Amino acid sequence: MTPDELKKRTRKFGVAVFKFARTLPTDPATLIVVRQMVSSGSSVGANYRSACRAKSRPDFISKMTTAEEEADETQYWFEFLVEGEVIAKTAAAWFIEEAEQLVKIFVASIKTARGYSR
């Protein structure tokens with residue numbers, strides 16, 4: 001996958017999270033979680049784009065690590081909403097899988113940049 005393809009993929013993910021969030025209940029407890037989910041979901045692409053403009057290898061690794069953490073956090077919030085019975089597992093499945101795949105891509109890239117495998 002090229003950097004431009006991954007930029008598009010991460011942006012698609014963030015937009016999908018945003019659109020999905022707009023369909024969720026607006027009770028106070030759910031709103032708190034949804035805000036966190038939208039924040040982390042939209043940060044994945046923003047941090048990846050930032051990594052693409054890194055000034056050095058350590059800067060790239062740092063920014064990719066942030067993108068990895070944001071994708072993992074987004075996955076967490078979707079799992080949380082499923083377990084909290086706010087959304088159905090089927091509704092969250094694509095988001096959980098895509099977040100997991102993005103984490104794997106970022107981890108592989110970080111390992112390559114570090115020059116070793118963990």
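Modeller: Lys63 and Asp59 both lie in helix α3, 4 residues apart, about one turn of the helix, where helices are DSSP runs of H or I with at least four residues, numbered from the N terminus. Their side chains meet in a salt bridge at 3.3 Å, N to O, the term being used for a side-chain nitrogen of Lys or Arg within 4 Å of a carboxyl oxygen of Asp or Glu. Lys63 is partly exposed because its relative accessible area is 22%, which lies between the limits for buried (under 20%) and exposed (over 50%), taken with a 1.4 Å probe on protein chains only.

This is a predicted model, in which local features need pLDDT of at least 70 and side-chain atom pairs count only at pLDDT 80 or more, whereas totals for chains, interfaces and linings use all residues. Residues are numbered from 1 along each chain as its sequence is written, and side-chain values use heavy atoms, with hydrogens and water left out.

By the salt-bridge rule the count comes to 3. Another of these pairs is found in helix α4, where Glu100 and Lys104 are again separated by 4 residues, about one turn of the helix, and their side chains meet with an N to O distance of 3.6 Å. Glu100 counts as partly exposed at 29% relative accessibility, and Lys104, with a relative accessible area of 46%, is partly exposed as well.

The remaining pair is Arg9 with Glu98, whose closest N and O atoms are 2.5 Å apart. Arg9 counts as partly exposed, at 22% relative accessibility, while Glu98, with a relative accessible area of 10%, is buried.

The helices that carry these pairs also have helix α2 as a neighbour: buried residues of α2 pack against α1 (3-21), α3 (57-83) and α4 (89-114), contact here meaning heavy atoms within 4.5 Å. Among those buried residues are Val33, Met37, Ser43, Val44 and Tyr48.

Conventions
Helix = DSSP H or I, 4+ residues; strand = E, 2+ residues; numbered from the N terminus.
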